[in-house]
Amino acid sequence: MTQNPVGRPEIDKFRGAIQGDFDHGVFLTTAKFTKDAEAASVKKGAISILLLDGDAIAETMVKFGIGVSRRPVQLLDIDPEFFKFEVSGELI
């Protein structure tokens, strides 16, 4: 994952690039968004921008089954009772 978070300047540039052509925008990144970027995405009087970071993208993919498949997983536990035995009358 990218270490540099997406900040407000990138959101402002994106909004400027799509202003007049679209009513809403979607900004995807594998990085995170800064708090300023999140606040700028819902700026009053401007077109809204949906922010999706790596975690949100993965959650959406799993939730809606996009590009993922489910398969059962078998989990095994050790049965401690099986390994208990008696030596010289003492339970070990």
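Predicted model: local features only at pLDDT ≥ 70, side-chain atom pairs only at ≥ 80, totals over all residues.
Helices are DSSP runs of H or I with at least four residues, numbered from the N terminus. V62 has its place in one of them, helix α3.

## The chain as a whole

The chain holds three helices and four strands. Read from the N terminus, the order is α-β-α-β-α-β-β. The radius of gyration is 25 Å, well over the 12 Å that the globule rule gives for 92 residues, so the chain is more spread out than a compact globule. The C-alpha trace spans about 85 × 25 × 20 Å along its principal axes.

How much of the chain is buried? Buried residues account for 21% of the 92 residues. The chain exposes about 7700 Å², and carbon and sulfur atoms supply 57% of that area.

Contacts also reach along the sequence. Take those between residues at least 6 apart in sequence: 59% of them join residues at least 24 apart.

## Charges and salt bridges

The chain carries 11 positive and 14 negative side chains. The centres of the two sets lie 12 Å apart. The count of salt bridges comes to five.

| Salt bridge | N to O distance |
|---|---|
| D12 and R8 | 3.3 Å |
| D55 and K32 | 2.5 Å |
| E81 and K84 | 3.2 Å |

Start with D12 and R8. Both residues lie in helix α1, which covers residues 8-18. They are four residues apart, about one turn of the helix. D12 is partly exposed, with a relative accessible area of 32%. R8 is partly exposed too, at 33%.

Next come D55 and K32, whose side chains meet in a salt bridge. Which parts of the chain does this pair tie together? D55 lies in helix α3 (residues 54-64), while K32 sits in the loop between β1 (24-28) and α2 (35-40), so the pair links parts that are 23 residues apart in sequence. D55 counts as partly exposed at 38% relative accessibility. K32 counts as partly exposed at 33%.

The pair of E81 and K84 is also a salt bridge. Is E81 buried or exposed? E81 counts as exposed, because its relative accessibility is 52% and the cut-off for exposed is over 50%. K84, at 42%, counts as partly exposed.

Some salt bridges share partners. Through them, K32, D53 and D55 join into one network.

## Back to V62

V62 lies in helix α3, the helix that also holds D55. V62 is partly exposed, with a relative accessible area of 42%. That value falls between the limits of 20% for buried and 50% for exposed.

What does V62 touch, leaving aside residues up to four places away in sequence? V62 touches V68 and R70. V62 and E10 are 52 residues apart in sequence. In space, their C-alpha atoms are 28 Å apart.

Technical notes:
Residues numbered from 1 in each chain as written. Heavy atoms only, no water. Helix = DSSP H or I, 4+ residues; strand = E, 2+ residues; numbered from the N terminus. Rg over C-alpha atoms; globule rule 2.2 N^0.38 Å. Buried < 20%, exposed > 50% of the residue type's maximum accessible area, 1.4 Å probe, protein only. Contact = heavy atoms within 4.5 Å. Areas by Shrake-Rupley, 256 points an atom, 1.4 Å probe, with all protein chains shown as cover. Lys, Arg positive; Asp, Glu negative; His and termini not counted. Charge placed at Lys NZ, Arg CZ, Asp CG, Glu CD. Salt bridge = Lys/Arg side-chain N within 4 Å of Asp/Glu carboxyl O.
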